[in-house]
Amino acid sequence: MSLATDDFIELDEDKVLALSGPSQRYLALIEGAYHVLIETPGGGFQVTGKVRDRQRANVIINALSELYDEGVDISEVDVRTLIQNPTGKSPVWADHHGQSHVIVMGRKGAIAPKTEGQAAYYKELLRNDLTFGLGPAGSGKTFMAVAHGTSLLLKGAVDRLVITRPAVEAGEKLGFLPGDLNEKVDPYLMPIWQALDDILGADGLKRRRERNEIEVAPLAYMRGRTLSNAYVIVDEAQNTTKQQMKMVLTRLGEGSKMVVTGDPSQVDLPRASDSGLAHAVGLLNGVKGVGISRLTADDVVRHELVARIVRAYDSEQT
């Protein structure tokens, strides 16, 4: 049996704090995975355990250190992803040529795919003018679409972001809500506003909305328009009808890209078979310029319990 000995990984204090996580949560995950003790005596990490266990833990710490150096705001998802990969390397951060998969720099650091599925989704976003992002809650389908669209806006590749969705489960009955159009629609777009705030900050988001560089509108308001030089996000698309889906897809104008996101298992229409999302995916599969990405419970980047919940519901349906 190997004797327990120590390794010391020298790091500056800012990096130690980032890699430790809130209340040293990230260290606890590594300790539990590899049966080691990780302490912070100052100036780095002291790792105690058997030789092989220490080596595996050190690989994770060094990989997290590399992500931090790239500007990443380290999260629990990053730690879990590295632990789940036997090599201790996260293959989603760079392609085989070493090109970074960082989508955009947010207020807290670099935003990039966290899982293999998200990396594949990002490639579809880069490659196609129309991309369908399908997956359960928390899998990053909307957040990554917003991040990619924002990166294009910041680079001047598009003139504006246009964000739309069925405002109330397929009915779009907004009249009873108080306020102007933005005030009526905003509550339904809260996840998107939160994502934009994470990237642009409150002041940057406010300025771009005032300049109409970021536009929100219920799906019904898309009829009759041609959206040119825009990045269009159609969110919660499982609640569009077939007619609504055809209408919004044909709004795509010159110099524009569109991302359609939704969870086919969460249709709120009276008849699930009326969903325009499933119909469009089946109809357009294989069409040049159209990408389809299917995320799963393995791509959920919320609390790890969410992934278990999704798998439980998936199992019930099979």
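Predicted model: local features only at pLDDT ≥ 70, side-chain atom pairs only at ≥ 80, totals over all residues.
E215 belongs to strand β8, residues 214-218. R225 sits in the loop between β8 and β9 (230-234). The partners are 10 residues apart, and the pair links distant parts of the chain.

Select β1 (5-10), β2 (37-39) and β3 (residues 44-49). These three strands make an open sheet in the order β1-β3-β2, with antiparallel pairing. β1 and β2 are the edge strands. Each has a single partner strand, so one side of each is left without a neighbour in the sheet. On average, neighbouring strands here are turned by 20° against each other, direction ignored.

Zoom in on β1 and β3. Their antiparallel pairing runs over six bridges. Pick E10 and look across: G44 in β3 stands opposite. Then show helix α3, residues 51-69. The helix packs on the sheet and touches β1, β2 and β3. Its direction makes about 155° with that of β3.

Stay with α3 and select R54 and D7. Their side chains meet in a salt bridge, 2.9 Å from N to O. D7 is in strand β1 and R54 in helix α3, 47 residues apart. Buried or exposed: which is R54? R54 is buried, because its relative accessibility of 7% is under the 20% limit. D7, at 22%, counts as partly exposed.

Now move to D69, also in helix α3. D69 forms a salt bridge with K15, and the closest N and O atoms are 2.8 Å apart. K15 lies in helix α1 (residues 13-20), so the pair ties together parts that are 54 residues apart in sequence. Colour the two by accessibility. D69 is exposed, with a relative accessible area of 55%. K15 counts as buried, at 8%.

Select R25, E76 and R80 together. Salt bridges link these three in a network. How many salt bridges does the structure have? The count comes to 12.

Finish at W193 and R209. The charged end of R209 sits over the ring of W193, 4.0 Å from the ring centre.

How values were computed: Residues numbered from 1 in each chain as written. Heavy atoms only, no water. Lys NZ or Arg CZ within 6 Å of the ring centre and 35° of its normal. Pairing = 2+ DSSP bridges. Helix = DSSP H or I, 4+ residues; strand = E, 2+ residues; numbered from the N terminus. Axes fitted to C-alpha atoms, helices over the stretch in contact; angles between N-to-C directions. Contact = heavy atoms within 4.5 Å. Salt bridge = Lys/Arg side-chain N within 4 Å of Asp/Glu carboxyl O. Buried < 20%, exposed > 50% of the residue type's maximum accessible area, 1.4 Å probe, protein only.
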